[in-house]
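Colleague: Could you walk me through the charged pairs and the strand pairing here? I'd like the cut-offs as we go.

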Amino acid sequence: MSDDNPLLLGASPPRFDRIRAEHVVPAMRALLADLGGALERLEASAAPTWEGVVEPLEEIGDRLGLVWGTVGHLMGVQNSDDLRRAQETMQPEVVVFSLRLAQSRPIHQALKGLQAQAGALDATQKRIIDSLVRDAELAGVGLSGEAQAQFNAIQQELAERCTKFANNVLDSTKAFALTLRDPAEASGLPPSARELAAQAARAAGEADATAERGPWRITLDVPSYVPFMQHGTRRDLRERLYRAFVTRAASGAHDNTDLIRRILHLRRAQAKLLGFGSYAALSLATKMAPSVAAVEQLLEELRAASWEPAQRDLADLRALAREAGAPEAAGLMNWDVAFWTERLRERRYAYSDEVLRPYFPLPRVLGGLFALAERLLGVRIEAADGAVPVWHPDVRYFRVRDAGGAEIASFFLDPYSRPSEKRGGAWMDECVGRRHGRLPIAYLICNQAPPVGDRPSCMTFDEVTTLFHEFGHGLQHMLTRVESGLASGIRNIEWDAVELPSQFMENWCYHEETLLGLSGHVDTGAKLPQELFDKIVAARTFRAGSDTLRQLYFAMTDLALHTTYDPDGPASPFELQQRVAERTTVLPPLPEDRFLCGFTHVFAGGYAAGYYSYKWAEVLSADAFSAFEDAGLDDAVAVAEVGRRWRETVLALGGSKPPMEVFVAFRGRPPTTAALLRHSGLRPTA
């Protein structure tokens, strides 16, 4: 392979200063050719021993993952037409090789032979072998002839369609903008939103745009869209934005409507070929939940506990609108909910997100987050900006050190929204995984509002909790003690347990010492006042019923699409969506609502028949945090002791043990829903 191609240098981390779209095709073709030779040699020599099959298999997967993973990362944070074309060119070839590797019968036979020698394996090795055998079978190793050819064609098409789905959402989001020129149209917008909207207008060619005079450019990117929906007084403009948001990628050149049916059809056919009654059953074969029925039982328990509180939430909004004499009183609509929610929050708790924002400049939040990691886990995090190449000037780099000062991991932080090239949402991903002494590196990606002028980015409270969430994922990736790359960090963890460490971290945002410690007014440096902290805690259960129902709406729709829905039948997926909404929304979605067309988690991510994982893991995370509550959150010695146990179990063991076994090792018992319902202010119905 050529040493001139930066994707093939084997650098850790990658040479982002040199990687360009034109490097992707030659790099991947050279790599696949080399790996093809390695695969042939392994098939010729595969023996039922750890060294004879598992180690060379791990090496092949690791090399492919490092290079193709870098391409996938750049697709998320530096998307361009050239990169898309390169990725689309190579994706079919990568899928072909991956299927060839997964469906190799000599390798499968060697793994089965090793699996039969369970007595010669330690617990981690046995779990890895069991997972490899299962994954090969779910990848079609047991199929032959026409069935295998059909399965492989499905996998190829699914990869293509899911990528197209994600690109359509990005393009559709970019394609819409609302430029406001009349100050009355921007009425109600707080200063931070005006500044961001004026900055967006300048970037679009309105050179004279200012926060005070406009024009202001409002987009469907979350840092722009949400503040307008919460604070914009022009109801007609809120309606226009809302309708655009819930119909993203639902028409025109970026229409995902047909892709949804096709993806569901392909998944259903894939499950049938593998002998499963539904794609959901196939999905759960690799998850913690024992069955679709068990998932449905959990979701229904939470729905029953949330329904009446959510109805009261809506009644409260209607009452406030009536009291204010607003036109909405005649009939509250979907585009009114965020606006009146903020008015009710302001009345009930006497604060708003905009009042909090100046207290959470990103540098202070990071300092407090890192102090918590040191207090809880005994690790020190230090900035290392400029030490390695990055893909954008806003990206930062940090090193993680143990108590003795030795470097044990590192991570990139890409905090700001860039709607022209970066997909929305927030996520953590692997840059490099721990493997036989190699130090792990993580990507932490957020989409908060960028700095305006010389002022740092000031965060909403939701953005603070999002950063804590992604950092929790990163900690599990970075603090693993497992040396096998097949089970280190977040690898080989059942998908519905992956959100445990991330949702666990969100709980610390309601801990007084932590939140006050990370606050500091952007102008004065003053800590968040005690009264504001008390209001944040009091507001934790604000609209908990509505927020829970929203997640259940998504999860139950996803599950139904992958169990009972027939993509080849006469009913559209949107009809099923509306039926689920009847049981999970107290204010029904619009008839033309097409949120499914933008549901990238399910149609372009890893959450197909798995969106329930957020709630499943939230039960685990709330119960885990209650161990710290039981010990005494303000007892530094006790917190450090429980923190060490957390680090040595959930964060250290990765995918080397079943997640229930890991949880019990930490908590001392299986999880219950009691802590989640208590934190949410909900209680099970009688």
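Colleague: Is E157 buried or exposed?
Modeller: Happy to start there. This is a predicted model, where local features need pLDDT of at least 70, side-chain atom pairs count only at pLDDT 80 or more, and totals for chains, interfaces and linings use all residues. Residues are numbered from 1 along each chain as its sequence is written, and side-chain values use heavy atoms, with hydrogens and water left out. Buried means under 20% relative accessible area, exposed over 50%, and partly exposed in between (1.4 Å probe, Shrake-Rupley method, protein chains only); with a relative accessible area of 16%, E157 is buried.

Colleague: Which residue forms a salt bridge with E157?
Modeller: A salt bridge here is a side-chain nitrogen of Lys or Arg within 4 Å of a carboxyl oxygen of Asp or Glu. The closest N and O atoms of this pair are 2.7 Å apart, and the partner of E157 is R262.

Colleague: How many residues apart in sequence are the parts that this pair ties together?
Modeller: Helices are DSSP runs of H or I with at least four residues, strands are runs of E with at least two, and both are numbered from the N terminus. R262 belongs to helix 10 (residues 257-273) and E157 to helix 6 (residues 145-175), so the parts tied together are apart in sequence by 105 residues.

Colleague: Which residue forms a salt bridge with E430?
Modeller: E430 is buried, with a relative accessible area of 18%. The closest N and O atoms are 2.9 Å apart, and the partner is R491.

Colleague: How many salt bridges does the count come to?
Modeller: One network of them links E58, E59, D62, R435 and R438. By the 4 Å rule, the count comes to 50.

Colleague: Which residue stands opposite R399 of strand 4?
Modeller: Two strands pair if DSSP finds at least two bridges between them. Strand 3 (residues 380-383) and strand 4 (residues 396-401) run antiparallel and are joined by 4 bridges. R399 also forms a salt bridge with E407, at 3.3 Å between the closest N and O atoms. The residue standing opposite R399 is E382.

Colleague: Which residue in the turn between strand 4 and strand 5 has a positive phi?
Modeller: Strand 4 pairs with strand 5 (residues 407-416) in the antiparallel sense over 6 bridges, with Y397 opposite F412. The two strands form a hairpin with 5 residues between them, and the residue with a positive phi, about 100 degrees, is G405.
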